[in-house]
Amino acid sequence: MIMASFRVKGVNLGGWLVTEGWIKPSLFDAIPNNHFLDGTSLQFKSVTTQKYLCAEFGGGTIIAADCAIASTWGQFRAKNEKEVTADVSDVYNWFDDNDPTVFSITINSKLDGEFQVTNGYGLDQASKEHWNSFIVEDDFKFIAKSGLNAVRIPVGWWTARDPYPPAPYVAGSLQVLDNAFLWAQKYGLKIILDLHATPGCQNSGAHSSARDGTIEWGKTNETIQQTLDVIDFLTARESLYGIELLNEPLVPGVDIETLVKYYKAGYEVVRKHCSRVYVILCSRLSFDVHDTHWAMELLSLANSLRRSVIDVHFYSYYYCVFRDMDTVQQNIDYIKTNRASQLDHIISNGPLAYVGEWSAKWFLKNSTKEEYQQFTKALLEVYEKATFGWTFWTYKIEEKYLEESEDLKPWCFKWMIQNGYINL
């Protein structure tokens, strides 16, 4: 069994250098028309025919106007921003319900990420005071006093272009990252850098700074080379403990051949700078399956790379298998059997195993404090067996919204530890 020099016991600084709207929603409050930002999914229903617009065959061909139900998979997007036309010769009254060109609009979903917040404000107003206030030196002090020894910091690809990042991103993230290294050193915390957002986006989520949910990363050599340049930039710094080459590449948008090729190249870029930095390979993410068995497809690669780590994200939420669990014990039993078995399989096959993201969020409603304590105790007992360690998602959520929503609290390490729901 391969062992790391010590086991990471840490927390993710989510929503800091890469915006996730649910962590700090107030960031979006002052954006005009913020319900219609990039990536907002809209449903158009004709008030006359009562039929929906949809992209036939999932997009890329024609837009149909005769869909009986609103499509959740057929997307259409503008190829350019120059011209939009409508095939209607004369419209006298847009509010006339007999006119088939009048549609009622329903917001189906939104993306609240870095692209939306910076593009929504525009370069002149997209100040990133959030970077200097959301996480500060006292937070690093609190993390260390809580018994943790590491932080995992999600970063975006535009940080490597600072102080002149491409639009719509704004300058300043590099200085904040430099501060994080100073604070981590002061309080004895290791830093793991996690490339959370890549050029073209490796998954469709807001946390990857997706513009509209499409995945372009890996489709061209240019996006891969740009990403390698970012890794080169990030790794060329002292006191870095580990670097995650990519966060949550999504199945099937990122194929395994492309991912392995990139991971091999990324590993060589890191080793050009340092022989001791751990290189972390995140397994592919899929919500179409009950479990994260995708980590197994990286076993052969990881075994061929010295000081490499396989990262699995073990959430007790999102996956269908947890929806049918009605008791605390069912959830605990699954963790102690299935999750433990998955970790053992990685470890027994050679590579270091890392639970890079997990939380106490589950599907059970009206859970008591004692039930959460039982659950987090079971989680820690299993995840502490990971040979590289674990990091909880996430450290902090905006307090105003924590007070308003019980559902957010199990995601927030600071709240959980302060209120005795997690005992380290």
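Two strands count as paired if DSSP finds at least two bridges between them. By that rule β1 and strand β12 (residues 389-392) pair in the parallel sense, over four bridges. The model described here is predicted. Its protein chain holds twelve helices and twelve strands, and 54% of the 424 residues are buried. Among contacts between residues at least 6 apart in sequence, 75% join residues at least 24 apart.

**The barrel**

- Eight strands close into a barrel, in the order β1-β6-β7-β8-β9-β10-β11-β12, and their pairing is parallel.
- Neighbouring strands of this sheet are turned against each other by 25° on average, direction ignored.
- In general, strands of a sheet pair through backbone hydrogen bonds, either parallel or antiparallel.

**Strand β10 and its partners**

- Strand β9 (residues 278-282) is joined to β10 by four bridges, and the two run parallel. In this pairing Ile280 stands opposite Val309 of β10.
- On the pairing with β11, five bridges join the strands, again running parallel. Here Ile310 stands opposite Ala353 in β11.
- Six of the six residues of β10 are buried, so the strand is largely enclosed by the rest of the structure.
- Ser308, Ile310 and Val312 point one way from β10, while Val309, Asp311 and His313 point the other way.
- In a regular strand the side chains alternate between the two faces of the sheet.

**Nonpolar cores**

- The largest nonpolar core has 112 residues, of which Trp16 and Ile153 touch the most other members.
- Leaving aside neighbours within four places in sequence, Ile153 is in contact with Leu13, Trp16, Leu17, Leu177, Ala180, Ile191, Ile192, Leu193 and Asp194.
- A second, separate core of ten residues includes Ile192, Val309, Leu352 and Phe388.

**Cysteines**

- A search of the whole structure finds one disulfide. Cys54 and Cys67 form it, with their sulfur atoms 2.1 Å apart.
- Cys54 lies in strand β3 (residues 52-55) and Cys67 in strand β4 (residues 63-67), so the pair ties together parts that are 13 residues apart in sequence.
- Both Cys54 and Cys67 are buried.
- Cys201 has a relative accessibility of 7% and therefore counts as buried.
- Cys412 is also buried, with a relative accessible area of 2%.

**Thr40**

- Thr40 sits in the loop between β1 (8-12) and β2 (41-46).
- Thr40 counts as buried because its relative accessibility is 17%, and buried means under 20%.
- A polar atom of the Thr40 side chain lies 3.4 Å from the backbone oxygen of His35.
- Apart from neighbours within four places in sequence, Thr40 is in contact with His35, Ile107, Ser109 and Lys110.

Note on methods. Residues are numbered from 1 along each chain as its sequence is written. This is a predicted model: local features need pLDDT of at least 70, side-chain atom pairs count only at pLDDT 80 or more; totals for chains, interfaces and linings use all residues. Side-chain values use heavy atoms; hydrogens and water are left out. Buried means under 20% relative accessible area, exposed over 50%, partly exposed in between (1.4 Å probe, protein chains only). A polar contact is a pair of N or O atoms within 3.5 Å; within protein, one must be able to donate a hydrogen and the other to accept it, and residues adjacent in sequence count only if both atoms are side-chain atoms. Contact means heavy atoms within 4.5 Å. A nonpolar core is a set of buried Ala, Val, Leu, Ile, Met, Phe, Trp, Tyr and Cys residues joined through side-chain atoms within 4.5 Å. A disulfide is a pair of cysteine sulfur atoms within 2.5 Å. Axes are lines fitted to C-alpha atoms, for helices over the stretch in contact, and angles run from 0 to 180 degrees between N-to-C directions.
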